[in-house]
Amino acid sequence: MREVGHFIGGKQVPGKSGRTTELFQPMTGEVIGRVALASKDELRQAVENAKAAQPAWAATNPQRRARVMMKFLELIAKETDSLAELLAREHGKTIPDAKGDIQRGVEVVEFACGIPHLMKGEFTEGAGPGIDIYSIRQPLGVVAGITPFNFPAMIPMWKFAPAIACGNAFILKPSERDPGVPMRLAEIMVEAGLPAGILNVVNGDKEVVDAILDDPDIKAVGFVGSSPIAQYVYSRATAHGKRAHCFGGAKNHMIIMPDADLDQAADALIGAGYGSAGERCMAVSVAVPVGKATADALMDKLIPRVESLKVGPSTDLSADYGPLVTKAHLDKVRSYVDLGVQEGAKLVVDGRNFKMQGYENGFYMGGCLFDEVKPEMRIYKEEIFGPVLSVVRAKNYDEALRLPSEHEYGNGVAIYTRDGDAARDFASRVNVGMVGINVPIPVPIAYYTFGGWKASGFGDLNQHGPDAVRFYTKTKTVTSRWPSGIKEGAEFSIPTMK
Ligand code: NAD
């Protein structure tokens, strides 16, 4: 049995609150450890460490800060296999998928290596007589990130790498369901040369999240998780005068136009719908074929593919996807499928009763496929976050464009077509934050920004890319004039550059 404590002041420390939660291995259903749940006092201890360490880190020149990131990249590359296995065992996703989770985080660390360039300010020589103006970017101080279970490597790295590269100290509150990888990432940062106290990990639940939101020394909070919690974190953090950007749930649609290559579209739907057991915020959960002929032909291709999905333990390298994260989540996803049947959707592939031989207590579920889902059904409106794909048949392009545009969530969307004009029109008009054109999971690359719209994102700056640098720094603007010896006397009207 593992005991997972916290990482404070550059080392692992045991929890002191007396509160813990069970850590599961989803592929077997076993309890493999206990995770400490931090109290307000333990959070305070992390903040004090961070506050004490941050000024010297901010004063370290950006190139040296970047070198810590470079060394981290070298160290993590040597450890990818063991990290991926740890991740797969705690989360449930397959090992190749866990490697992708690590890689997409590593790419943001690579981006953060460019910090000396990214933090450069602006300069205007001679903005007025003898006057120069320049702007500089300075770190905020101590900042925090609260992250979800479904990308325990990628999302912590998205948060801490740009923040730390910018000169901040960071408090990470990862998901209590799979904290092993975030804890190890913090250790690797210290091994790479990060001073103690600059990256702290506090494990916990609502109690420590609330303590983060209320702590006067934490200047910004980045959150990723479900929409109700994202909205709550945003409101409470900003009510305390903090910067916040909070990313929530999703219901990502994929539009299949009549001219699309249907084999390509079906493959894309299978990978994006069922990969990672559908537990991705960019998973495609709604397919929208346009026209009856497209819908019928697509269903003919999808049904055998869903029926033959290979579900397996996370360590089976040939599995398409592994178990869900917890028994409670498995029950929730199953009950959504029950609900869809009650609501009148046509369940054409039913994976509810799938059992994994030899792993009978694991949290497995077979792929489910619904046809004739209607926009008023709850299985269409709500995020299911499991291996369940809903097909909503659209009569024409306008209806297909309206569906994701009018949906409460607005994270990602994709269109499959061979028509450049339709694709261009769609990308321009759809009311969703990230768009794929013949790309099913349009997660932008590290040097662009990631963020959904509507109920999928609260706050005005996205994650990673240039927005991360804006989020984790404040701009100071300096107007300077060096005395020339000319005495002009006092000026009583507002200074202008004349
Ligand atoms: P979650 O909202 O349950 O938890 C996220 C974080 O909030 C965790 O650290 C958790 O400990 C904390 N938390 C949970 N309940 C809380 C409460 N009542 N008060 C304060 N804090 C609380 O989300 P999850 O189940 O871990 O992750 C899945 C969700 O995350 C899905 O909705 C998915 O779409 C979303 N997600 C979004 C993105 C994105 O970028 N938009 C990326 C990944 C995941």
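Domain bounds, as used here, come from an automatic or database domain assignment. The model is a predicted one. In this model the shell of residues around the ligand takes at least three residues from domain 1 (2-248 + 452-480) and at least three from domain 2 (252-437).

The shell can be described residue by residue. The ligand is surrounded by 28 residues, and T147, K173, E176, S226 and E383 are the closest of them. By type, the shell holds 13 nonpolar residues, ten polar ones and five charged ones.

In the side chain of E383, an N or O atom is 2.6 Å from an oxygen atom of the ligand. For the side chain of K173, the distance between an N or O atom and a ligand oxygen is 2.7 Å.

The ligand takes up the space of the largest pocket. Among secondary-structure elements, α7 (206-214) and β11 (218-224) are those that give two or more residues to the shell around the ligand.

Conventions. Residues are numbered from 1 along each chain as its sequence is written. This is a predicted model: local features need pLDDT of at least 70, side-chain atom pairs count only at pLDDT 80 or more; totals for chains, interfaces and linings use all residues. Side-chain values use heavy atoms; hydrogens and water are left out. A residue is near a molecule or strand if one of its heavy atoms lies within 4 Å of it. A polar contact is a pair of N or O atoms within 3.5 Å; within protein, one must be able to donate a hydrogen and the other to accept it, and residues adjacent in sequence count only if both atoms are side-chain atoms. On a 1 Å grid over the protein atoms alone, a cavity is a set of points where a 1.4 Å probe fits but cannot get out, and a pocket is an open set with protein on both sides within 12 Å along at least five of seven lines; lining residues have an atom within 4 Å of a point. A molecule sits in a cavity or pocket if more than half of its atoms lie within 2 Å of its grid points. Helices (H or I, at least four residues) and strands (E, at least two) are DSSP runs, numbered from the N terminus. Ala, Val, Leu, Ile, Met, Phe, Trp, Tyr, Cys and Pro count as nonpolar, Asp, Glu, Lys and Arg as charged, and the others, Gly among them, as polar.
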